[in-house]
Amino acid sequence: MDARIKISLEFSISESGLEDALDEYDELSVEGLISEIVDKSVACDDIVAKVTEGPNNLEEYDAQQATG
């Protein structure tokens, strides 16, 4: 029987770490990055990642840094 698991995840990451991770997984968003990591690590299907707070891509990160 399949199991559906919903989690809340919060983490901090440096700008260079974010850039490196997005580049390594060839993703443009944090949502896509998290989906790829979970898919490759656990072999899940139908992964839905949603950023509810904080930047979801490097452009949003840059904008946040400029206003912060």
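Is Tyr 61 buried or exposed? At 14% relative accessibility, Tyr 61 counts as buried, where buried means under 20% relative accessible area, exposed over 50%, and partly exposed in between, with a 1.4 Å probe and protein chains only.

Good morning. Before I continue, two remarks on the source are in order. This is a predicted model, in which local features need pLDDT of at least 70 and side-chain atom pairs count only at pLDDT 80 or more, while totals for chains, interfaces and linings use all residues. Residues are numbered from 1 along each chain as its sequence is written, and side-chain values use heavy atoms, with hydrogens and water left out.

Let me begin with the overall architecture. The protein chain has three helices and zero strands, and its pattern along the sequence reads α-α-α. Helices here are DSSP runs of H or I with at least four residues, strands are runs of E with at least two, and both are numbered from the N terminus. Along the principal axes, the C-alpha atoms of the protein chain fill a box of roughly 50 × 25 × 15 Å. Of the 68 residues of the protein chain, 16% count as buried.

I return now to Tyr 61, which is found in helix α3. The C-alpha atom of Tyr 61 is separated by 8.1 Å from that of Glu 15, although these two residues are 46 residues apart along the chain. A second pair may be set beside it. Thr 67 and Cys 44 are 23 residues apart along the chain, and their C-alpha atoms are separated by 37 Å. Thr 67 is also found in helix α3, and it counts as exposed because its relative accessibility is 69%. A polar atom of the Thr 67 side chain lies 3.2 Å from the backbone oxygen of Gln 64. For such a polar contact, the criterion is a pair of N or O atoms within 3.5 Å; within protein, one must be able to donate a hydrogen and the other to accept it, and residues adjacent in sequence count only if both atoms are side-chain atoms.

A polar atom of the Asn 57 side chain lies 2.8 Å from the backbone nitrogen of Glu 60. Asn 57 counts as buried, because its relative accessibility is 18%.

Which residues form the negative surface patch? The patch is formed by Glu 15, Glu 19, Asp 20, Asp 23, Glu 24, Asp 26, Glu 59, Glu 60 and Asp 62. The elements that give two or more residues to this negative patch are α1 and α3 (58-67), and α1 gives the most, with five residues. Patches are made of residues with over 30% relative accessible area and no salt bridge, like charges being joined within 9 Å and nonpolar side chains (Val, Leu, Ile, Met, Phe, Trp, Tyr) within 5 Å. Asp and Glu count as negative, Lys and Arg as positive, and His and the chain ends are not counted. One of the members, Glu 19, sits in helix α1 and is partly exposed because its relative accessible area is 35%.

Asp 26, another member of the negative patch, lies in the loop between α1 and α2. Asp 26 is exposed, with a relative accessible area of 69%. Its backbone also deserves attention: Asp 26 has a positive phi of about 55° although it is not a glycine. Most residues other than glycine have a negative phi. Ala 43, in the loop between α2 and α3, likewise has a positive phi of about 55° without being a glycine. Ala 43 is exposed, with a relative accessible area of 61%.

There is also a nonpolar surface patch of about 560 Å², made by Ile 5, Ile 7, Leu 9, Phe 11 and Ile 13. Among them, Leu 9 lies in the segment before α1 (15-24), and it counts as exposed because its relative accessibility is 55%.

How many salt bridges does the structure hold? It holds one, a salt bridge being a side-chain nitrogen of Lys or Arg within 4 Å of a carboxyl oxygen of Asp or Glu. Glu 36 forms a salt bridge with Lys 40, and the closest N and O atoms are 3.4 Å apart. Both residues lie in helix α2, four residues apart, about one turn of the helix. Glu 36 counts as partly exposed at 22% relative accessibility, whereas Lys 40 is exposed, with a relative accessible area of 58%.

Note on methods:
Areas by Shrake-Rupley, 256 points an atom, 1.4 Å probe, with all protein chains shown as cover. Charge placed at Lys NZ, Arg CZ, Asp CG, Glu CD.
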